[in-house]
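Please read the following note with the sequence and the structure at hand. The points are numbered so that each can be checked in turn.

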Amino acid sequence: MKIIESTKIKEKAYFEKLENGLNIIIIPKANTNKKYIIWGTNFGSIDNRFIMPQTNEEVFIPDGVAHFLEHKMFEQKNGTNSLDVLMALGLEANAYTTNDHTAYLFECSSDKFYEGLDELMDYVQNPYFTNENVEKEKGIIGQEIMMYDDDPGFKLYLNTMDCLYHKNAVKLDIAGTIESISKIDPDVLYKCYNTFYHPSNMTLVVCGDFKPEDLLEEIKKRLQPKENQGEIKRIYEIEEDTINKKSKEANMEVSTPIFMIGIKDKLPNTEEIVKKHIAIEVLLNMLIGKSSNLYKELYNTGDLLAEPDLEYEFSKQYAHVLVGGQSKNPEMIYEKFKDEVSKFKKDGLNEEHFERIKRKIYGDYVTEYNSVADIARMFLADSFKGINSFDYIEKFNTVTKEYTQQILNEVFSEDKMAVSIIKPK
Amino acid sequence: MNYKKENLKQGITFHKINTNKFKTNLFAIFLTTKLDRETITKNALLAAVLRRGTKKLNTQEEISKSLENMYGANFDCGVEKTGDNQVIKFYLESINNEFLPSQENLSKECLEILLDIVFNPFLEDNKFKQEYVDGEKENLKQIIQGKIDNKARYAYDRCIEEMYKNEPYGLYKYGYIEDLENINSQNLYEYYLELIKTVKIDIFVSGDLDENIISEIKENEIIKNLEERIPKYNINNENIQKNKVDEPQVISESMQITQGKLILGLDVLENKKECKYWASVYNIILGGSANSKMFQNVREKASLAYSAGSSYLRQKDNIFIKCGIDIPNYEKTLGLIKEQLKQMENGDFTDDDINNAKILISSTVGSIPETQDSEITYYFSQELSDEFVSIEDYIKKINEVTKQQIIEIAKNIQINTIYFLKD
């Protein structure tokens with residue numbers, strides 16, 4: 001196993017790629033009773049057209065299949081549900097689907113880890129889809145879609161994506177629509193399963209008090225033999241650099257308007273992405289973070305009640321900056337934000353301010369290592385982006401003021417910005 | 001045992017949790033008062049005004065800058081209902097000195113800033129700064145209005161309000177817009193001075209901290225200047241008498257939503273101390289896990305709901321059943337829920353169900369020390385219930401619960417309120 005150590009935060013990660021292609025990452029952590037395992041496949045809601053390596057068949061799938069598949073993986077041939085089995089062991093089990101991956105996980109604070117591992121590795125490797133169980137799931141997922149329909153924050157985000165993207169599937173609801181899921185059948189689920197749930201498309205991450213060599217053997221023992229598979233060719237719509245629309249507004253049951261400013265960025269380059277990510281986080285905090293002039297002004301006028309949520313979100317297929325919050329005057333906030341960006345571009349970054357925010361961001365990264373769950377989820381999500389999570393700590397000092405200024409000029413351009421607003425009815 | 005407490009003065013308690021599980025240290029100060037319509041809005045406003053500035057750091061911007069320089073120390077404050085008390089909570093989290101890129105001592109600095117925020121507020125003309133009070137009144141108003149934003153939470157809050165009409169627990173933790181009008185910087189400051197003299201104060205530190213932190217606290221000028229007090233608060237473990245109701249009250253409200261939120265507020269009429277453990281297990285079997293009756297029968301088998309579960313409110317002896325459903329399925333879901341309650345009464349659950357519930361609770365309680373603020377919250381709730389049950393003993397008591405005891409709880413459950421949020 002390849003060992004990477006971060007001396008700054010005193011943690012190590014063990015990396016192994018098995019012959020069948022499965023990536024395994026183990027982050028041993030002493031002094032904790034919690035163990036967290038997460039097994040993910042690089043298959044998310046945006047992967048809706050691909051060529052199956054086994055048959056060379058091109059497959060188009062309805063929106064929402066990755067998420068539907070996630071729901072259906074728990075059902076077993078013998079009539080049991082693996083989620084129930086794991087819960088019965090006292091394990092906190094769950095699964096989730098994002099734009100670019102699907103993950104199955106449990107957290108253990110007892111001696112039942114290996115019993116849980118039996119179940120997890122068994123159900124992820126043994127799908128069981130029938131017409132009947134697929135039909136039944138449509139009711140449950142339909143309710144889930146409707147629940148999100150009432151969620152203003154969710155709508156706000158989707159509308160932002162709709163502003164930024166013309167065709168990229170990131171603008172669609174991960175769960176699909178009631179209409180799109182009605183077309184899902186066992187055949188399409190099996191096709192996706194057989195393609196994307198191959199070890200070569202998956203990463204397994206474990207964090208907790210383990211001896212990595214022993215754990216690796218335990219994982220290997222539970223892997224079922226599978227023939228090697230070639231690369232999966234994924235076909236994505238070609239996305240233009242421009243944004244789709246400047247703004248989108250909707251009305252929902254909210255007390256005060258909510259807004260999200262989006263900035264579309266070009267597709268990330270794996271070499272640079274960690275550095276760029278750090279620089280963008282520093283910039284967002286300098287522009288509108290807690291100690292910024294703009295935040296102070298907007299707080300004092302009662303236009304912002306709390307610090308906005310600041311994020312740089314990216315996968316291999318998309319990248320964008322998001323600034324979200326709640327305000328009586330969302331349009332004004334958007335204008336002021338754009339003005340502040342121009343001012344920063346013109347005046348350059350203040351040295352003291354830059355260094356102070358860097359210290360803050362560094363502390364945020366260190367704090368992520370408080371929980372085995374956060375660590376494991378971070379390593380998994382980063383691995384699908386081609387990133388080793390420790391790089392955020394290790395490359396930290398390479399982010400200079402000059403570099404950050406350059407990123408400001410490159411990324412924060414007005415013609416790539418849009419705003420989504422939800423107002424009270 | 002990694003937990004120690006010491007009375008600094010009557011009514012002022014210091015709690016220390018030693019743990020090396022984290023990269024951070026967490027400091028907290030809790031001020032506990034009785035829930036009361038008279039003071040609830042003032043307390044909520046106070047938390048917001050205090051974080052605006054201290055004698056040394058006059059503005060929020062200066063506080064933020066100091067915290068950013070301390071490697072992004074995180075400050076948070078707010079109000080919470082805990083049983084019949086309202087607790088004003090202040091937290092500060094910072095990186096443990098060991099993980100800093102340079103040699104610095106952040107923990108001492110942290111403690112000082114936190115104490116300053118609570119006990120050394122910025123004043124102008126011997127009262128709170130007018131601008132801060134006015135601004136925070138406006139903010140709090142928006143927060144109170146924002147109650148409707150999260151529909152599931154709103155339905156739950158409304159159900160509690162209806163269940164505890166005219167009782168302290170029915171109060172909304174952020175207070176009331178109409179009560180805000182009469183508050184100004186002068187009378188809020190007078191209220192604050194009185195509060196600081198009489199309120200129950202708990203100071204928590206959690207992390208890999210030096211033993212001498214306790215002497216640092218004792219020698220702190222602010223602590224030295226605080227007077228002894230006989231704090232007025234409600235001990236949470238005292239028996240709650242509940243009245244039998246003939247028929248549950250049924251309330252429905254309309255909003256523009258697509259998914260209905262159905263909440264059932266149940267009373268646990270048994271109120272022996274040990275019953276809290278029985279009711280915990282009962283709740284898990286009824287609706288507290290993916291194996292529960294609610295999840296299995298209402299969500300999975302009948303496909304009636306996306307969310308279906310229940311939670312047990314220990315301090316008030318209530319169980320709340322919560323479902324997100326298709327609006328026309330109201331009657332059908334309600335019928336099915338009542339059937340689950342009946343099954344519980346009939347003892348229609350297996351030894352496996354009981355064991356699974358016990359394992360789940362043990363594992364949840366057992367992992368409390370894995371999160372710094374959960375561990376603080378656990379010891380604080382022991383403090384408020386005026387008894388001490390260690391995490392190990394808690395798990396032991398859960399494991400002693402029998403089927404007969406769970407059935408006894410089931411027979412002593414009544415539906416108090418049915419609340420439905422629809423279109």
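**Note on domains, interfaces and cores**

1. Across the interface of domain 1 of chain A and domain 2 of chain A, two salt bridges are found; a salt bridge is a side-chain nitrogen of Lys or Arg within 4 Å of a carboxyl oxygen of Asp or Glu. The model is a predicted one, in which local features need pLDDT of at least 70 and side-chain atom pairs count only at pLDDT 80 or more, while totals for chains, interfaces and linings use all residues. Residues are numbered from 1 along each chain as its sequence is written, chains are lettered from A and ligands numbered from 1 in the order in which they are written, and side-chain values use heavy atoms, with hydrogens and water left out.

2. Chain A is divided into domain 1 (2–234) and domain 2 (247–424), the bounds coming from an automatic or database domain assignment. The centres of domain 1 of chain A and domain 2 of chain A, taken over C-alpha atoms, are 28 Å apart. Their contact (heavy atoms within 4.5 Å) takes 49 residues from domain 1 of chain A and 43 residues from domain 2 of chain A.

3. Between domain 1 of chain A and domain 2 of chain A, the buried area is about 3700 Å², and carbon and sulfur atoms give 73% of that area. Buried area is the accessible area (1.4 Å probe) that two parts lose on being put together, summed over both. In domain 1 of chain A, the residues that lose the most area to domain 2 of chain A are A:Ile9, A:Leu156 and A:Leu164, together 17% of what that side buries. Elsewhere in chain A, A:Glu394 forms a salt bridge with A:Lys8, with the closest N and O atoms 3.9 Å apart.

4. For chain B, the assignment gives domain 1 (3–225) and domain 2 (249–422). The centres of domain 1 of chain B and domain 2 of chain B, over C-alpha atoms, are separated by 30 Å. The contact takes 37 residues from domain 1 of chain B and 33 residues from domain 2 of chain B.

5. How many salt bridges are counted between domain 1 of chain B and domain 2 of chain B? The count is five salt bridges. In chain B, the side chains of B:Lys21 and B:Glu370 meet in a salt bridge (2.9 Å, N to O). The area buried between domain 1 of chain B and domain 2 of chain B is about 3100 Å², with 69% from carbon and sulfur atoms. B:Lys151, B:Tyr156 and B:Met163 supply 19% of the area that domain 1 of chain B buries against domain 2 of chain B, more than any other three residues.

6. The contact of the two chains takes 56 residues from chain B and 55 residues from chain A. About 5300 Å² is buried between chain B and chain A, and carbon and sulfur atoms give 47% of this area. On the chain B side, B:Lys23, B:Glu68 and B:Tyr306 lose the most area to chain A, together 14% of what that side buries. Five salt bridges are found across the interface of chain B and chain A. A salt bridge also joins A:Lys10 and B:Glu98, whose closest N and O atoms are 3.8 Å apart.

7. The largest nonpolar core has 150 residues, and those with the most contacts inside it are A:Phe337, A:Phe379, A:Phe412 and B:Leu31. Such a core is a set of buried Ala, Val, Leu, Ile, Met, Phe, Trp, Tyr and Cys residues joined through side-chain atoms within 4.5 Å; buried means under 20% relative accessible area, exposed over 50%, and partly exposed in between (1.4 Å probe, protein chains only). Leaving aside neighbours within four places in sequence, A:Phe337 is in contact with residues including A:Ile261, A:Leu287, A:Val323 and A:Phe412. A second, separate core of 65 residues includes B:Leu26, B:Leu262, B:Tyr312 and B:Ile327.

8. Is B:Gln340 buried or exposed? B:Gln340 counts as buried because its relative accessibility is 1%. Leaving aside neighbours within four places in sequence, B:Gln340 is in contact with B:Leu286, B:Lys293 and B:Asn297.
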